Amino acid sequence: SALDCGAGIGRVTEGVLLRFAGIERVDLVEPAPNLRARARERLAGDARVRRFHASPLEEYTPRLEYDLIYLQWILMYIPDDEVVSFLRRCCLRLPAAGVLVVKDNVEDRRGPEEDLDERDLCVARTAAHYEALFCRAGLRVLLKRRQQR
């Protein structure tokens with residue numbers, strides 16, 4: 001089973017998660033009603049797509065155990081302490097062989113992280129900053145990849 005966090009209109013569920021062999025269930029977490037509605041439409045008819053949770057990640061606690069928890073372009077909108085808290089809650093629902101995947105913007109071409117970007121309402125973190133957050137949450141990095149253009 002998989003959990004798509006910050007699922008938006010369901011692109012990752014459709015294009016990535018449902019393509020994994022053995023994924024029999026995908027639940028989505030998306031706080032924006034308009035995006036959640038589009039995801040429901042997009043994924044209608046696939047019986048593996050089960051629940052749509054209407055919650056911001058800062059308040060969400062997975063109720064079920066998931067083999068794969070996927071976060072794409074969502075942690076940059078959440079302050080550090082909230083990221084750590086959410087990741088810790090996710091760890092409670094990962095089996096021993098479970099995996100938490102994070103795909104997010106990383107900014108390693110400048111100095112220390114700046115405060116919140118007022119225009120985009122997000123934070124650009126370095127890879128080292130993300131790894132420190134993962135460590136604080138009790139996670140260990142198994143694999144790192146830079147996306148090629």
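**Figure 1. Thr 61 in the loop between strands E3 and E4.** Thr 61 lies in the loop that runs between strand E3 (49–53) and E4; helices (H or I, at least four residues) and strands (E, at least two) are DSSP runs, numbered from the N terminus. The model shown is predicted: local features need pLDDT of at least 70, side-chain atom pairs count only at pLDDT 80 or more, and totals for chains, interfaces and linings use all residues. Residues are numbered from 1 along each chain as its sequence is written, and side-chain values use heavy atoms, with hydrogens and water left out. With a relative accessibility of 37%, Thr 61 counts as partly exposed; buried means under 20% relative accessible area, exposed over 50%, and partly exposed in between (1.4 Å probe, protein chains only). Thr 61 and Leu 92 are 31 residues apart along the chain, and their C-alpha atoms are separated by 9.1 Å.

Figure 2. Cys 5 belongs to strand E1 and is buried, its relative accessible area being 0%. Not counting residues up to four places away in sequence, Cys 5 touches Val 29, Leu 57, Ile 69, Tyr 70, Leu 71, Gln 72, Ile 74 and Phe 86; contact means heavy atoms within 4.5 Å. From C-alpha to C-alpha, Cys 5 and Ser 55 are 9.8 Å apart in space, and 50 residues separate them in sequence.

**Figure 3. The largest nonpolar core.** A nonpolar core is a set of buried Ala, Val, Leu, Ile, Met, Phe, Trp, Tyr and Cys residues joined through side-chain atoms within 4.5 Å. The largest one has 24 residues, and those with the most contacts inside it are Leu 57, Ile 69, Leu 71, Leu 75 and Phe 86. Two or more residues of this core are given by each of strand E1 (2–5), E4, H3 and H4. H3 supplies the largest share, five residues. Ile 69 touches Leu 3, Cys 5, Cys 90, Leu 94, Val 99, Leu 100 and Val 101, not counting residues up to four places away in sequence. Another core, of 14 residues, lies apart from the largest one and has Val 12, Leu 28, Leu 43 and Val 49 among them.

**Figure 4. The crossing of helices H3 and H4.** The axes of H3 (residues 80–91) and H4 (residues 127–136) come within 8 Å and cross at roughly 45 degrees. Axes are lines fitted to C-alpha atoms, for helices over the stretch in contact, and angles run from 0 to 180 degrees between N-to-C directions. H3 and H4 are therefore oblique to each other; angles under 35 degrees count as roughly parallel, over 145 as roughly antiparallel, 65 to 115 as roughly perpendicular and the rest as oblique. On the H3 side the contact is made by Asp 80, Asp 81, Val 83, Val 84, Leu 87 and Arg 88, and on the H4 side by His 129, Leu 133, Phe 134 and Arg 136.

**Figure 5. Val 26 in strand E2.** Val 26 is part of strand E2 (residues 26–29) and counts as buried, at 0% relative accessibility. Leaving aside neighbours within four places in sequence, Val 26 is in contact with Ala 2, Thr 13, Leu 17, Leu 18, Arg 48, Val 49, Arg 50 and Arg 51. Val 26 and Glu 65 are 39 residues apart in sequence and 11 Å apart in space, C-alpha to C-alpha.

Figure 6. Trp 73 is placed in the loop between strand E4 (68–72) and H3. The phi angle of Trp 73 is near 50 degrees, a positive value in a residue other than glycine. Trp 73 is partly exposed, with a relative accessible area of 41%. Gly 45 is found in the loop between helix H2 (33–43) and E3 and is exposed, at a relative accessible area of 83%.
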